[in-house]
Amino acid sequence: MNRHIRKVAVLGSGIMGSRIACHFANIGCEVLLLDIVPKELNEKEQNLGLTTESKQFRNRIVNDSLQTALKSNPSPIYRKSFASRIQTGNLEDDLSGIKDCDWVIEVVIERLDIKQQVFEQLEKYRTPGTLITTNTSGIPISMMLEGRSDDFKKHFCGTHFFNPPRYLQLLEIIPSPETDNAIIDFLMDYGRRYLGKKTVLCKDTPAFIANRIGVYAIAALFHLVDEMDLTVEEVDRLTGPVLGRPKSATFRTCDVVGLDTLVHVANGLKDNCPNDEEKSTFDLPDYINEMIENSWLGSKTNQGFYKKIKNEEGKSEILVLDLKSMEYRPKGKVKFPSLDMVKPIDDLKERTKILLNAKDRAGDFYRQLHGSLFAYISNRIPEISEEIYKIDDALKAGFGWEMGPFETWDLIGLEEGLKLIEAAGKNAAAWVTDMSESGINSFYKNEGGTPTFYNQNSKSHEAIPGMEDLVLLDLCRETSTVWKNDDCTLVDIGDGVLNLEFHTKMNTIGGGILEGINKAIDEAEKSYNGLVISNTGQNFSAGANVGLIFMMAIEQDYDELNFAVKTFQDTMMRVRYSDIPVIVAPHNMALGGGCELSMHSDKVVAHAELYMGLVEFGVGLIPGGGGTKEFAKRLSEELKEGDIKTNRMRQRFLTIGQAQVSTSAYEAFDLGYLRDGVDEIVVSREYQLKRAKDACLELASNGYSSPKREKNIRVLGKEGLGLVYVGANSMLSGQYISEHDAHISEKLGYVLCGGDLSENELVSEQYLLDLERKAFVELCSKRKTLERLESIVKTGKVLRN
């Protein structure tokens, strides 16, 4: 039976429930969000003359929770208007509404008795066949089913979302023995395709997979910090981005999650996993217990491992907890020779190998950390999972690790990992030593373009399920590379489609990538159906290489700078007017030149998490790679009579002038970076490249022909310039902007309006590109612009609003 999810009920509107509701609203579902009725009127409600029968009172908890979620940063919603898809109510008056829902998700307090009471009430109203799932993070799934009907049991399982649901990709699916296999298959697929999740099928074991391993890793690190006399800031430096982990690393993550939450999970594992060989690790060090006693729980109590204060000068300062004295102190400098050594190395795999072989204290830390982790994950097979890839998937999607632990083990080699385990005083599981003795030396393999994993049951490598319908660049790169240089790689992804991927630092665009784009189009026009531009980096592209621009500007080599900008512009125009379809598939940051590249494609297939913007104004420039021209062109297409004309002009001007960056792909449409009716959004990062490839083939099969160069772009001339100059002077007079910012504003307006033409006129794209390039180069000569460029180069900060 085809199952469609149109309306979802979420029971419980706390931090998780309200944000789960928002994410279902993100993907277009209607949502019914319910919570309990308050116990009594508060003072405000009494002053308003409300009674306990008033809807405003009865829905206070759910409405307050939803509003808190919607105001939170980062936002749980793709677009503010999507919140209208959420209807609120309470569990006493509105529970009958679940009869119209296709899926009911329980997210109430973690108490078995309360959950059972909720399920008993659900049985009264639920339509047979409706999905019922629980977001429990640890209560055994089977224990919740006592007294439930056969149909309820058949359609019931655990769906463990990770917080925040919009941003963390993991969704653990935990069936009971009575869950219908068809329901499991449906949820696994729906989570991937529609919710954009990495769905991981789990056994019903304590804390499931991600928290079982992740919390062990944190608990083991708590002890290691004690043993090695490391500081909080040292550990966070060692376990953050340098290791392919989130910026919040370890202790900042603990503060965000809440130390009490981590301790609760650790205590649950200690109590419920009597046969765990590392049970004693969950007995946490004294400093953790003291923090719990002091209610130093992190962000929720305004102090944990870190504490934000106002210093004597009235400025905000972050203090750090000294784990010996248990007093807060200023953060100290972190210095490890190995960290300095790997600083220029962008490749995580290469960096990790060096760190694990380092001869300083950091190297000792990494070897002990990984030895313990490798032992633990080996011994959790088959207890929590029969398959190793599920552990890697769960840690990457739930904890934000770029490499899973088995992948890291593969990186250094099976035998080297076994040595680390022995040096850490631990024991690997028998299946790993058997694997070693049989001559098998890797957990993963690429076999003929198929990703495989070592199955300890069959003692052989088997295909990883669910990969067959994806396009995987990592596999294509190994066997189907067509061309490459130091900055990018061109691969054949099948069916006559090429993909160009970047691999510079932050995927910034310089000469090597421009060469690659032109080469890719050359190859595609000769022998292929089309080209996709996408990559597997953390971000699509942080924009043009600011360092190169600064170098040419500081040396006053304006002819070279003009040539470089023209090369960028010409390449963007090549993307627009090639003889084959060019699809760009951006994700996360697509700033500056990355945004301009997207805007010149035939079609953008954007990931929903897209932070796109023309941000050049922030360093005293205007978009110079065709972005300003493209906004003028799109403005021409939108121009209408009367006030709308000036409103559109103002909107386009402010988008660039305020360096506005979208907070989602939907907002990128609102800001004008993406085109209605042309570009599209996919929620699943896994399926994004496949969809981009399919879109490329659709354009090719429909008889693609190169667009004609635009020569009839209507610009506003002096009419628009007047608006720009008046606005800039007004902002300058009010001291809202500097003289330099006013000058940049006038340059931007000059290009958008097509110069100081006496009236509305038709101009060509090349005319606008020449104006754009001239303004860009002139601004590069300004002292304030050079100062801003230098700051970006020195700090390495990404240019975004």
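**Exercise 1.** Which residue in S14 stands opposite Thr-452?

*Solution.* The model is a predicted one, in which local features need pLDDT of at least 70 and side-chain atom pairs count only at pLDDT 80 or more, while totals for chains, interfaces and linings use all residues. Residues are numbered from 1 along each chain as its sequence is written, and side-chain values use heavy atoms, with hydrogens and water left out. Helices (H or I, at least four residues) and strands (E, at least two) are DSSP runs, numbered from the N terminus. The residue in S14 that stands opposite Thr-452 is Ala-463. Strand S13 (residues 450–455) and S14 run antiparallel and are joined by four bridges, where two strands pair if DSSP finds at least two bridges between them.

**Exercise 2.** Determine how the axes of H16 and H17 cross, and which residues meet.

*Solution.* Begin with the axes, which are lines fitted to C-alpha atoms, for helices over the stretch in contact, with angles running from 0 to 180 degrees between N-to-C directions. The axes of helix H16 (residues 388–399) and helix H17 (residues 405–412) come within 7 Å and cross at roughly 110°. That makes H16 roughly perpendicular to H17, a term that covers angles of 65 to 115 degrees. Next, take contact to mean heavy atoms within 4.5 Å: Ile-388, Ile-391, Asp-392, Leu-395 and Lys-396 in H16 meet Pro-405, Phe-406 and Glu-407 in H17. By class, this contact has five nonpolar, no polar and three charged residues, where Ala, Val, Leu, Ile, Met, Phe, Trp, Tyr, Cys and Pro count as nonpolar, Asp, Glu, Lys and Arg as charged, and the others, Gly among them, as polar.

**Exercise 3.** Is Ala-207, which has a positive phi, buried or exposed?

*Solution.* Most residues other than glycine have a negative phi. Ala-207, although not a glycine, has a positive phi of about 65°, and it lies in the loop between strand S8 (198–201) and helix H8 (210–228). With a relative accessible area of 7%, Ala-207 is buried, as buried means under 20% relative accessible area, exposed over 50% and partly exposed in between (1.4 Å probe, protein chains only).

Notes. Angles under 35 degrees count as roughly parallel, over 145 as roughly antiparallel, 65 to 115 as roughly perpendicular and the rest as oblique.
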